[in-house]
2 protein chains.
Amino acid sequence: MKLYNSAMPAPNPRRVRIFAAEKGVDLPLVEVSLMKREHKSDEYRQKNSLGQTPILELDDGEVIAESVSICRYLEELYPEPPLFGRNALERAQIDMWLRRVEFVLMGPVGNFWRHAHPFTAKVVTQFKDFGESNRDQAAAAFRWLDRELAGREFIAGNDFSAADITALCTVDFAAFAGLEMPEDAGHLRAWHLRVSARPSAAA
Amino acid sequence: MKLYNSAMPAPNPRRVRIFAAEKGVDLPLVEVSLMKREHKSDEYRQKNSLGQTPILELDDGEVIAESVSICRYLEELYPEPPLFGRNALERAQIDMWLRRVEFVLMGPVGNFWRHAHPFTAKVVTQFKDFGESNRDQAAAAFRWLDRELAGREFIAGNDFSAADITALCTVDFAAFAGLEMPEDAGHLRAWHLRVSARPSAAA
């Protein structure tokens with residue numbers, strides 16, 4: 001089993017690295033350089049027709065793409081500590097929070113990066129006004145998460161979960177792209193310090 | 001247990017209705033009218049702070065939002081027939097395909113609806129050039145799915161799964177929004193006929 005990985009600041013491979021680190025699983029990494037566009041090569045596209053990283057390649061050649069799907073697979077192989085919940089309701093709620101973070105926060109952050117950031121302007125056609133409009137959307141998403149975190153320690157409840165990993169990677173990538181958490185988002189900032197202090201955050 | 005539901009053409013509540021129909025589960029429905037903006041009322045937002053349908057409300061008042069998270073919960077309550085896979089690898093691959101359909105196809109379809117369709121122009125600020133650009137993205141996504149379906153009967157393999165439900169609801173909503181499958185996408189069109197013929201498609 002090996003993980004086709006791309007280095008920071010790519011948020012999606014980092015989601016799997018942190019997940020594996022929390023499980024204490026040492027995944028062999030194969031580096032795929034986004035800068036060199038190795039993820040768009042014919043060879044890599046034979047493994048993932050969408051040309052995205054990460055992918056997990058199993059010993060028999062089977063490939064699992066999508067960071068969250070890879071994490072789910074690792075959860076079944078290494079159930080402890082559970083990061084997708086301990087029972088049906090927890091699993092549904094962690095899945096819900098993970099998806100909310102993706103759609104509500106990662107969506108605008110990705111749109112901003114794709115359509116308004118100078119770096120991507122070199123590679124793709126941008127719709128800059130649309131891209132810039134995502135600043136407000138991301139700010140609203142930060143404030144929504146801040147309110148939600150008022151009553152609890154982690155994104156989906158009182159236990160660290162896969163939803164926190166997605167949120168951490170999204171918040172850090174947003175900052176890299178130029179979208180910072182609002183100064184007065186105290187609950188969100190405290191949560192960010194809390195999850196960033198875990199050893200896995202360095203993975 | 002009851003489902004706060006919105007009628008056609010809303011694709012997300014339909015995902016849960018089809019899923020429940022495939023399981024033979026009769027979910028009591030509470031209608032939330034999107035036309036009357038009932039999903040944005042304070043009362044509804046107390047159940048789902050994002051103001052979106054569907055949600056599943058359990059008898060003890062717990063709420064699960066996000067159509068896929070609701071389906072996962074139903075899968076645990078009613079395991080047969082399995083729609084998220086029978087083992088770790090199948091579960092990872094169905095999750096992967098479901099996510100791919102969401103990001104690659106539903107993403108552009110949603111952007112087109114949100115930013116280019118005359119209906120939504122009445123409700124929100126649109127970035128029309130960006131919205132229109134999603135026509136090509138959706139067409140490319142249809143063609144990608146068509147190629148992927150060349151060698152198999154269903155989206156994630158040879159069994160009908162949650163990924164097919166998401167794809168069906170997305171393709172039908174795309175058509176409603178004005179984005180049709182390409183005429184020559186034969187595999188995709190054959191798949192669409194196949195899944196539309198299932199009794200659950202009418203749910």
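β1(A) and strand β3 (residues 55-57) of chain A pair in the antiparallel sense, and three bridges link them. The model described here is predicted. Within this pairing, A:Y4 has A:I55 in β3(A) as its bridge partner. A:Y4 also has a bridge partner in β2(A), namely A:V30.

The pairing of β1 with β2 has another sense. Strand β1 (residues 2-5) of chain A and β2(A) run parallel, joined by three bridges. Here A:N5 stands opposite A:E31. Strands of a sheet pair through backbone hydrogen bonds, in either the parallel or the antiparallel sense.

These strands belong to an open sheet in chain A. The sheet has four strands, in the order β2-β1-β3-β4, and its pairing is mixed. Its edges are β2 (29-31) and β4 of chain A, each of which pairs on one side only. On average, neighbouring strands of this sheet are turned by 25° against each other, with direction ignored.

Chain B also holds an open sheet. Four strands follow the order β2-β1-β3-β4 of chain B, again with mixed pairing. The edge positions go to β2 (29-31) and β4 (63-65) of chain B, since each pairs on one side only. From one strand to the next, the twist averages 25°. Strand β1 (residues 2-5) of chain B runs parallel to β2(B), and three bridges join the two. B:N5 has B:E31 as its bridge partner in β2(B).

Is B:E31 buried or exposed? B:E31 counts as exposed, because it has 12 C-beta neighbours inside 10 Å. A residue with 12 or fewer such neighbours falls in the exposed class. Apart from neighbours within four places in sequence, B:E31 is in contact with B:N5 and B:A7. B:L56 is 25 residues from B:E31 in sequence, and their C-alpha atoms are 12 Å apart in space.

The two chains also touch each other. Chain A gives 28 residues to the contact, and chain B gives 28 residues. On the side of chain A that touches chain B, β4 (63-65), α3 (67-77), α4 (88-116) and α6 (128-148) of chain A each supply at least two residues. The largest share, 10 residues, comes from α4(A). By type, the residues on this side of chain A divide into 14 nonpolar, four polar and 10 charged.

How are the two copies related? Chain A is superposed on chain B by a rotation of 180° with 0.0 Å of shift along its axis, at an RMSD of 0.0 Å. This is the relation of a two-fold axis. The C-alpha of chain A nearest the axis belongs to A:F130, at 3.4 Å from it. Both copies use the same surface, as 100% of the contact residues of chain A recur in chain B.

A:F127 illustrates the contact between the chains. This residue lies in the loop between α5 (118-121) and α6 of chain A. Which residues is A:F127 in contact with, leaving aside its neighbours within four places in sequence? They are A:H115, B:F127, B:D129, B:F130 and B:S133. A:H115 is 12 residues from A:F127 along the chain, and the two C-alpha atoms are separated by 5.4 Å. A:F127 counts as buried because it has 20 C-beta neighbours inside 10 Å.

In soluble globular proteins, nonpolar side chains tend to be buried together. The largest nonpolar core in this model has 108 residues. A:V109 and B:V109 have the most contacts inside it. Not counting residues up to four places away in sequence, A:V109 touches A:A138, A:T170, A:F173, A:A174, A:A177 and A:L179.

Key
Residues are numbered from 1 along each chain as its sequence is written. Chains are lettered from A and ligands numbered from 1 in the order in which they are written. This is a predicted model: local features need pLDDT of at least 70, side-chain atom pairs count only at pLDDT 80 or more; totals for chains, interfaces and linings use all residues. Two residues are in contact if their C-beta atoms, placed from the backbone, lie within 7 Å. Ala, Val, Leu, Ile, Met, Phe, Trp, Tyr, Cys and Pro count as nonpolar, Asp, Glu, Lys and Arg as charged, and the others, Gly among them, as polar. Copies are superposed by least squares on the C-alpha atoms of residues with pLDDT of at least 70 in both. Two strands pair if DSSP finds at least two bridges between them. Axes are lines fitted to C-alpha atoms, for helices over the stretch in contact, and angles run from 0 to 180 degrees between N-to-C directions. A nonpolar core is a set of buried Ala, Val, Leu, Ile, Met, Phe, Trp, Tyr and Cys residues joined through C-beta atoms within 7 Å.
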